[in-house]
Amino acid sequence: MKIEESNIVEANDYRIIIYPASRPFETKEAKQITEKLFDFLATWAAHGKPLSSSFKIEKNQFIIICVDEEKEMASGCSIDALGKVMREIDEEYKLGLFDRMKASFIENGEVKTLKLNDFKSKVRNGEISKDIQVFDFSKNTYLEFIGNFLLPFDRSWAAGIK
């Protein structure tokens with residue numbers, strides 16, 4: 001199920017895993033990815049016990065997996081199973097989901113993604129304005145995600161670029 005359709009209450013803090021793509025999804029890709037994730041999460045389990053989970057495609061470029069570990073903890077094997085499905089999606093659509101050396105930001109209302117070194121260089125050179133918003137892929141809980149996934153440059157990790 002999708003996060004926005006689930007019974008997850010925002011007052012509870014669920015574990016999330018963020019898979020950032022290097023580019024936006026095409027409409028057909030988003031539909032196929034949604035179907036694959038829906039099918040996988042419907043049967044996702046840890047030690048034979050179903051995991052209460054959901055997902056969301058954010059900004060048509062970031063896959064957010066959410067699991068309620070108060071009900072059942074995701075185990076190493078269940079995380080490996082998720083990783084396997086995500087690698088299959090990554091390979092099929094060439095999305096760069098496992099490349100953590102990139103930066104994504106919103107500039108002029110558009111999501112842009114650059115290699116991390118290129119992003120840092122462009123910030124230092126003034127080629128990227130500090131009037132942007134920057135995504136933070138390090139969030140591990142749903143409450144962190146909803147409040148701090150996209151931040152103004154000066155409140156983001158990018159503010160430390162010298």
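This is a predicted model: local features need pLDDT of at least 70, side-chain atom pairs count only at pLDDT 80 or more; totals for chains, interfaces and linings use all residues.
Okay, ground rules. Local features need pLDDT of at least 70 and side-chain atom pairs count only at pLDDT 80 or more, while totals for chains, interfaces and linings use all residues. Numbering starts from 1 along each chain as its sequence is written, and side-chain values use heavy atoms, with hydrogens and water left out.

Let's start with the three-stranded sheet. It's open, the order is β1-β5-β4, and the pairing is antiparallel. When I say helix or strand, I mean DSSP runs numbered from the N terminus: H or I with at least four residues for helices, E with at least two for strands. Two strands pair if DSSP finds at least two bridges between them. β1 and β4 (53-58) are the edge strands with a single partner each, so one side of each has no neighbour in the sheet. From one strand to the next, the twist averages 15 degrees. For angles, axes are lines fitted to C-alpha atoms, for helices over the stretch in contact, and the values run from 0 to 180 degrees between N-to-C directions.

β4 and β5 are antiparallel and joined by six bridges. One of the pairs there is isoleucine 57 with isoleucine 63 in β5. As for helices, α1 lies across β4 and β5, at about 165 degrees to β4. α2 lies across β1 and β5, and its angle to β1 is about 20 degrees.

So what sits in the largest nonpolar core? By core I mean buried Ala, Val, Leu, Ile, Met, Phe, Trp, Tyr and Cys residues joined through side-chain atoms within 4.5 Å. Buried is under 20% relative accessible area, exposed is over 50%, and partly exposed is in between, using a 1.4 Å probe and protein chains only. This core has 24 residues, and Leu37, Ile63, Ile65 and Ile89 touch the most other members. β1 (15-20), α1, β5 (62-67) and α2 (76-93) each supply at least two of its residues. There's also a second, separate core of 13 residues, including Tyr14, Ile18, Ile106 and Tyr142.

Not counting residues up to four places away in sequence, its contacts include Ile17, Phe25, Leu37, Met86 and Leu97. Contact here is heavy atoms within 4.5 Å.

Now the other sheet. Which order do its strands take? It's β7-β6-β8-β9, four strands, open, with antiparallel pairing. β7 and β9 (150-152) are at the edges with a single partner strand each, so one side of each is left without a neighbour in the sheet. The twist averages 30 degrees from one strand to the next. Six bridges hold the antiparallel pair β6 and β7, and alanine 103 sits opposite leucine 114 in β7. Then α3 packs on this sheet, touching β6, β7 and β8, with its direction at about 110 degrees to that of β7.

Which residues of α3 (residues 116-124) are buried? Leu116, Phe119 and Val123. Just after α3, glycine 126 has a positive phi of about 80 degrees.

Last topic, salt bridges. The cut-off is a side-chain nitrogen of Lys or Arg within 4 Å of a carboxyl oxygen of Asp or Glu. The whole structure has nine. One of them links arginine 23 and glutamate 29 at 2.8 Å, N to O; arginine 23 is partly exposed at 25%, and glutamate 29 is buried at 8%. Another joins lysine 139 to aspartate 136, with the closest N and O atoms 3.2 Å apart. There, lysine 139 is buried at 15% and aspartate 136 is buried at 12%. And glutamate 127 meets lysine 122 at 3.8 Å, N to O, with glutamate 127 exposed at 51% and lysine 122 partly exposed at 30%.

That's it from me.
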